[in-house]
Every structure is written in structure tokens, then in C-alpha cells.
Amino acid sequence: MVEMDQVKIYKELDLTSAGCAGPLGELNQVANDLKEGEAVKVILEGKESKLLVESWAKKKGFKVLDVKEEGKKYVMLIAK
Amino acid sequence: MEGRGLGEVAKRIIIAGGNIAGTIVANRLAQKLDEELNKGEVEIVVLNKSEEHVYLPGQLLMAFGLETPGELVRKERSLLDRRIKFLHGDAGTMTKIDVENRQVITADGKTHKYDYLVISTGVEYTWEEVPGYKEASLTPYEFDSALKMREALENFQGGTIVINVAKLPHRCPVAPIETTLMLDDYLRKRGLREKTRIVYTYPVEGVFARPITNKMMKGIFEQRDIEVHSPFNVTSVNPQEKIIESQEGEKIKFDMLIAVPPNQGAKVIGDSGIGDRRRWVPTDKLTLRMKNHSDVYVIGDATDLPVSKAGSTADFESYVVANNLANDIKGNLGVKHYGGDVLCYIATGTDQATYIRFSYTMNESPPPPSYIHWWGKVMYNKMYWTVTAKANI
């Protein structure tokens with residue numbers, strides 16, 4: 001189990017305005033590239049995007065280590 | 001040389017990479033720094049391995065016999081402002097980009113010092129990430145393979161055609177949809193559609209990752225009886241048995257495989273240690289400066305921005321990079337910000353299209369497919385050499 005304080009953030013992905021690959025397309029590849037003990041920090045806008053990412057993480061077997069709400073934005077930490 | 005101290009040399013701007021992004025930004029910079037170039041106060045140098053410039057978006061049309069090879073290739077030199085220096089071959093092949101020491105090293109052993117750098121090194125296809133993939137497939141993303149695809153389609157008499165996107169993000173994001181819908185139309189017109197099963201496979205749920213476009217395109221795919229298998233993350237292909245396999249455990253047998261290869265940034269980015277794990281360069285989404293480097297800009301496919309890797313993106317970005325870099329030198333132009341603008345035509349057949357135009361703050365609103373937008377797509381392609389590449393607009 002990866003603990004929050006042990007995790008190293010490999011990359012920060014600002015997906016508040018994702019392009020053609022969409023938030024999941026961008027995240028899918030970066031998450032696949034994660035190594036043991038690493039996490040990707042994801043910034044999303046809106047509850048719908050947050051739920052989408054949570055459901056994707058569950059299906060793909062990734063761990064959501066942390067979710068913070070900052071105004072309309074959500075900051076999530078995702079690890080393998 | 002008024003206002004410049006004794007011994008002070010001209011400011012050198014290196015454009016690391018030609019093709020769409022490098023060519024447009026070099027020409028736009030030459031316009032912004034017209035006087036400085038004429039006075040010899042600024043030097044612009046473009047480095048590129050090839051002396052030829054290929055219009056990549058046209059390769060899809062070529063694969064369906066709607067464009068000829070000669071229309072897609074020009075000499076890079078003929079597109080650049082005559083005052084821009086252009087180095088190619090070993091002299092233009094970059095082996096290291098050293099942003100700490102402000103220099104680029106080329107394969108002929110020379111070191112090129114710079115005052116400002118624009119990284120426009122683009123994408124490289126990493127076929128080796130999927131065993132058997134290259135051997136088993138055709139792709140409109142590579143010039144020679146697009147020609148082979150044209151021949152294979154001419155000889156095709158029916159069977160299963162699988163269209164597969166290996167990984168996201170990839171260059172020209174709408175091209176897999178276009179390939180699929182053009183293929184459907186092409187086969188209908190040849191009377192082969194009923195003898196053909198078309199299977200579209202994509203790494204995330206749906207046919208495209210932007211919700212509005214996905215909804216519209218899913219509807220068209222359904223109407224045209226195109227099978228969609230997603231999420232489908234390809235793991236390997238057996239070229240002998242013609243079977244493609246996914247991480248999700250699916251296996252599909254095919255007669256023809258049309259592939260979108262895995263994309264990474266250029267090898268020189270990895271070798272120089274300036275990119276992430278997939279060799280994309282960390283870039284500020286508004287100023288397009290390389291993160292933590294105020295003298296380096298990044299443009300086009302080379303950035304790590306979650307925007308589309310498309311020619312139109314590079315064109316929109318070129319206004320920002322050229323302005324901001326010229327402002328760094330002249331100091332009187334103000335700073336421009338990139339708004340995430342993208343425009344992509346989407347062919348929905350061999351004579352009809354729609355388009356999507358969006359930005360960081362605006363969603364797309366694709367109009368119903370029509371011949372008018374097809375005409376727009378064709379004209380946009382044709383005007384590339386005389387208008388877009390030369391930064392005439």
C-alpha cells in the first residue's frame with residue numbers, strides 16, 4: 001500500500017481544459033507510466049470530471065490517494 | 001549596430017526542428033524582427049535533419065488516393081524567409097539540447113550557441129512499444145506506409161479491417177475517426193461495404209475523448225454499422241495470425257490493420273534530459289515558455305500541454321511564441337497568452353466533413369457534416385504552402 005507521505009509526485013497534470021485526448025486520455029498514459037511509489041497529481045474542474053476519474057481509477061486498478069476540493073477545482077493524487 | 005556595445009554579437013535564435021511548427025514560427029519571427037534582421041542585430045537559424053518538408057495532414061488523403069505524393073512535399077529552404085539560415089543533414093541533426101549552457105550540438109560535431117531557443121522537435125513514433133505492431137499494420141501517419149495503404153485498399157476485396165489507436169495523446173487526434181469514416185464511404189462507393197467488417201478500437205471509453213465530439217461521432221458510427229471496441233489498450237499484435245490483443249483481454253482477428261503508432265517526443269529531448277518520461281517538454285500553458293527557462297519556448301507537438309497535437313495548434317501557438325520572443329528582444333510588444341486554441345477539420349467521408357474549434361475556455365460545436373466543410377478542409381490543405389507555412393496570415 002502506498003502511503004501519502006511516502007509518495008513521490010512524478011507529474012502534475014492540469015486537466016481543467018483538456019484537449020483532444022480528453023482528461024482520461026491524458027491521464028491514462030501518464031498513469032500507465034508511473035513507477036512504484038510514485039503518484040500523478042491531477043487538477044480537474046467540476047464534480048463530473050472528478051467522478052469520471054474515480055470510476056476510471058477503480059476500473060483500471062489505480063489508487064486515489066487523496067482528493068481536495070479547491071473552489072470549483074479538484075486536486076487528486078493517483079498512484080498504481 | 002547603434003546601441004550595441006563593442007564586441008557585442010547579434011542575438012541568435014535557434015529553431016530546433018523544421019516542419020509545420022518550426023517553419024511557421026521561424027517565418028513569423030522574421031516578420032516581427034524584420035528591422036533587426038535587416039540590420040544584422042538578430043540571426044534566426046533553423047535546424048532540421050531533413051531538407052524536405054512534408055505536409056503530414058495530407059497523408060490521410062493520399063492513403064485514399066485523394067492527394068498525390070508530390071503535392072505533400074516541398075524543400076524546407078523554399079518555404080523559409082530568405083534571411084533565415086537553414087541547416088540540414090548532419091549539420092541540422094540535433095544530438096543534444098543543452099539548456100543550461102544555452103547551446104545545441106549537432107551530428108557534425110558543431111556547437112551552436114543561442115540567446116533564445118524555440119523547441120519544435122515534434123513527435124517520433126515508438127512502434128517498438130507494441131510487439132508485432134509495425135510489421136502487421138499500415139498507417140497514414142507515415143509517408144511510405146500511406147502509399148502502401150493506398151495500394152492495399154485498391155486491391156482490397158472484403159474482410160475485417162481494424163483501426164487501432166495505440167496510446168493517447170497522439171498527433172492529429174481526429175485522424176483515426178476520419179480514417180474510419182472515409183474508409184466506410186470509400187468501401188460503400190466501391191460496393192464492398194457489405195463484405196467488410198470495420199472495427200474501431202480506442203484506449204479510453206468511446207470513439208474520441210472530448211464528450212461533445214464523441215457523442216456526435218458515436219452516432220455516425222452507429223448509423224454506418226461500425227463496431228466500436230473501447231477501452232482497448234493494445235499490448236501485442238501477431239503478424240502471422242493477424243490477431244490484435246488488448247490489456248483488457250480482447251483478441252480480434254483482422255485482414256487489414258490500420259494503426260496509429262505510439263507517440264513520444266523526439267529522441268534528442270530524452271537524450272538531453274529535458275522532457276518527461278514520454279519525452280514531452282514541460283511547458284507553461286499560457287506563455288509557452290519551457291518551465292524554469294525564460295529563454296526557451298516550446299511549440300507544436302513537442303510540448304507536454306494537454307492540448308491537441310495538431311498543425312493548427314502549432315499555427316495558433318506561433319503567434320504567441322513569435323510575439324513573446326520578439327518582445328524579449330525589443331521590449332515594446334507586450335506579452336501574448338495562448339488560449340488553448342485548436343481547429344480541426346474532420347472528414348466524415350470522401351467528400352464530406354465537419355470541424356471542431358475549441359480552446360481552454362470554449363467547447364466545440366461541430367456543424368452537421370457537409371460538402372462545404374470538405375471543401376474547407378481541402379482548401380486549408382492546399383493553402384498551407386502559400387499562406388500558412390509562410391505565416392502570411
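This is a predicted model: local features need pLDDT of at least 70, side-chain atom pairs count only at pLDDT 80 or more; totals for chains, interfaces and linings use all residues.
**Reading a two-chain model**

Colleague: Good to know. Into which domains is chain B divided?

Modeller: There are two entries to find. Domain 1 of chain B takes in 11-54 + 74-122 + 266-340, and domain 2 covers 126-263. Their C-alpha centres lie 33 Å apart.

Colleague: How many residues of domain 1 of chain B are in contact with domain 2 of chain B?

Modeller: Five residues of domain 1 are in contact with six residues of domain 2 in chain B. On the domain 1 side, these are two nonpolar, one polar and two charged residues.

Colleague: Now the sheet in chain B. In what order do strands S6, S7 and S8 come?

Modeller: Follow the pairing from one strand to the next. In chain B, the three strands form an open sheet in the order S6-S7-S8, with antiparallel pairing. Strand S6 (94-98) and strand S8 (111-113) of chain B are the edge strands, each pairing on one side only. From one strand to the next, the twist averages 20 degrees.

Colleague: Which residue stands opposite B:Ile105?

Modeller: That is B:Thr111, in S8(B). Strand S7 (residues 103-106) of chain B pairs with S8(B) over three bridges, in the antiparallel sense.

Colleague: Last topic: how do I read the interface between the chains?

Modeller: In general, the size of an interface is often given as the accessible area lost when the parts come together. Here we can count contacts instead: 16 residues of chain A are in contact with 20 residues of chain B.

Colleague: Which elements of chain A give two or more residues to the side that touches chain B?

Modeller: Strand S1 (8-14) and helix H1 (22-32) of chain A do. H1(A) gives the most, with six residues. By class, this side of chain A divides into six nonpolar, six polar and four charged residues.

Methods: Residues are numbered from 1 along each chain as its sequence is written. Chains are lettered from A and ligands numbered from 1 in the order in which they are written. Two strands pair if DSSP finds at least two bridges between them. Helices (H or I, at least four residues) and strands (E, at least two) are DSSP runs, numbered from the N terminus. Axes are lines fitted to C-alpha atoms, for helices over the stretch in contact, and angles run from 0 to 180 degrees between N-to-C directions. Two residues are in contact if their C-beta atoms, placed from the backbone, lie within 7 Å. Ala, Val, Leu, Ile, Met, Phe, Trp, Tyr, Cys and Pro count as nonpolar, Asp, Glu, Lys and Arg as charged, and the others, Gly among them, as polar. Domain bounds come from an automatic or database domain assignment.
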